[in-house]
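I opened my notebook to look up which parts touch which. Here is what I went through, entry by entry.

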Amino acid sequence: MLIEVRFHGRGGQGVVTAADFLAIVGFKEGYYTLSFPTFGAEKRGSPVASFLRISDEPIVVRDEVYYPDYVVVLDPSVFEVVNVTSGLKENGMLIANYPKGSEDLKTIVKNVEVATINATKIAMKILGRPITNTTMVGAFAGATKLFKLEKLKETAEEVFEGSLAEKNKLAIEEAYKYMKEVCRWK
Amino acid sequence: MKKVVRGFYSVAYAVKLCRPNVVCAYPITPQTEIVENLAEMYANGELENCRYITAESEFAAASILVGASAAGARTFTATCSQGLILMSEVLFNAAGMRLPIVVANPNRALSAPLSIWNDLQDSMVLRDAGIIQVYVESNQEAHDMIPQAYKIAEDKRVMLPFMVCLDGFKLTHAHEPVDLLEQSLVDEFLPPYRPEVYLTTKKPVAFGCYAPPNIYMEFRVAMQRAMERAQGVIEKVFREWAEFSRRDWGGHLEIVYPESRNFVIAMGSLVGLLRKVVGELRKEGLSIGLVKLRTFRPFPFEDLRRVLGNAEKIIVIDRSVSLGYEGNLSIELKSALYGLSPEIISMILCLGGRDISKENLEKILRNAVLGKEGSGFKGYIEFEEVVP
């Protein structure tokens with residue numbers, strides 16, 4: 001089994017941290033994991049991407065993810081500038097922070113299974129900042145059922161400190177539960 | 001203990017376990033976080049009997065380490081690309097003074113044009129310096145290589161600087177599980193550094209003196225002999241490490257599918273992808289094996305002649321080029337196989353961080369084995385060169 005995920009967003013939203021976070025969660029769940037950023041002079045606000053591989057055998061390949069099983073989008077505005085679904089596998093899935101909802105997104109992104117969430121709203125409500133990485137981590141886990149909620153929370157406690165850990169745990173949980181409901185038919 | 005960490009932490013943590021006495025560096029992407037991690041450990045009081053010195057340039061960093069190493073300290077620095085070539089004047093001296101400084105070099109392209117991304121051009125510049133060069137494939141191998149580097153470099157039969165070359169970004173910025181070594185295991189494997197000769201007021205000596213024609217050549221002959229002895233010392237330490245850590249990374253070479261008629265040879269993290277690609281091509285019925293070259297200096301020419309001497313075709317993957325000739329590994333391999341008859345196809349790819357997909361790599365290797373792909377640069381966009 002090898003699952004490949006590509007994350008898109010803008011510099012400052014925690015696109016790299018999202019992939020790193022899930023690499024830790026995957027490791028806790030007993031998988032081999034590898035996450036890495038697109039390497040560049042990332043600037044706050046510019047489109048960035050990161051990658052995640054999860055496998056039940058050691059991961060030796062380090063090329064970029066060209067044919068992802070999942071694409072996770074942290075910022076709705078990147079659809080205008082990046083072809084985020086490039087190479088997405090036929091039975092793959094796009095999980096996006098897209099406040100206008102999945103029907104609206106399907107008019108832009110065709111022939112792709114889509115699950116959307118208003119992650120910006122959740123992040124603003126709980127964290128007070130439009131940093132959507134942990135919310136989308138929760139959404140990814142809820143949509144894919146790859147990871148258990150308690151492993152996500154456990155990781156949040158290791159990655160963040162004090163009240164920030166608590167807030168991120170709340171954001172993760174809300175998104176996880178929401179997305180699990182959205183994708184219950186899967 | 002297995003932990004999900006970034007590549008630079010796996011290097012920094014291994015350095016800490018080796019109990020360095022002086023760490024000195026100047027930041028440069030993608031190396032910076034190696035020494036940032038060490039600086040943090042130093043600030044937290046986790047590095048005993050150690051001084052962390054921030055230098056004003058790579059040239060100064062290397063110079064400080066030459067002094068420290070000559071005084072008997074175990075030393076470490078990390079740099080790459082422009083930083084490495086700025087250090088080069090000093091590093092040639094360090095080798096000549098027989099100082100076992102360990103340098104981590106997260107390989108990065110050279111300017112101009114400016115590129116912070118990965119290829120192997122920077123360490124190739126240091127090929128002739130008298131510095132041992134080993135290339136690693138993964139962060140676990142990088143982590144494991146640091147204690148071995150000190151043990152080899154500080155061996156009385158060797159006494160030369162050691163460069164651990166790991167792909168910048170591809171490894172340094174990758175976040176993955178690494179089995180971090182225990183202090184007790186490293187302490188048992190790596191004895192404290194006790195040089196025979198060092199700077200002390202009790203018995204004054206000088207390092208790197210003026211050597212007129214009646215003596216200079218003998219120093220260089222001694223360095224060459226040390227490199228020749230290093231071949232055996234490296235093999236011995238690699239074997240010892242395999243027993244100690246229960247992780248066997250092979251010798252100067254790792255050979256996958258040794259009974260093949262054709263081979264691909266490469267260094268560094270690209271070997272991981274090649275493992276998959278070679279596996280796929282074998283499923284198609286092609287007779288192709290893989291040689292991972294770990295030690296680049298001293299160059300293991302005898303091993304290569306033994307393993308590759310009877311091959312039909314060898315595809316050399318280079319990620320650096322000696323402009324005006326060809327790929328650097330290709331040059332070395334052709335020289336090592338002199339008088340033998342394998343056909344050699346030299347491919348230069350992935351310069352300045354250009355990624356290559358599994359599919360593309362598979363295609364060019366398949367075509368090369370089938371005689372439909374020749375030597376040269378691969379994976380670049382055809383363009384019209386403006387010649388004034």
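**Entry 1, the domain contact in chain B.** I began with the two domains of chain B and found 27 residues of domain 1 in contact with 20 residues of domain 2. I keep in mind that this is a predicted model.

Where does each domain run? I noted domain 1 of chain B as 2–245 and domain 2 of chain B as 253–377. I also looked up their C-alpha centres, which lie 27 Å apart.

Next I asked which elements of chain B each supply at least two residues of the side of domain 1 that touches domain 2. I wrote down two helices, H5 (121–125) and H8 (216–245), and two strands, S6 (132–135) and S7 (162–167). H8(B) gives the most to this side of domain 1, with five residues.

I turned to the contact between the chains and noted 17 residues from chain A and 19 residues from chain B.

Which elements of chain A give two or more residues to the side that touches chain B? I found helix H1 (15–28) and strand S2 (32–37) of chain A. S2(A) provides the largest share of that side, six residues.

Last, I looked at the make-up of the side of chain A that touches chain B, and my tally there reads eleven nonpolar, two polar and four charged residues.

Key: Residues numbered from 1 in each chain as written. Chains lettered and ligands numbered in written order. Predicted model: local features only at pLDDT ≥ 70, side-chain atom pairs only at ≥ 80, totals over all residues. Domains from an automatic or database assignment. Contact = placed C-beta atoms within 7 Å. Helix = DSSP H or I, 4+ residues; strand = E, 2+ residues; numbered from the N terminus. Nonpolar A, V, L, I, M, F, W, Y, C, P; charged D, E, K, R; others polar.
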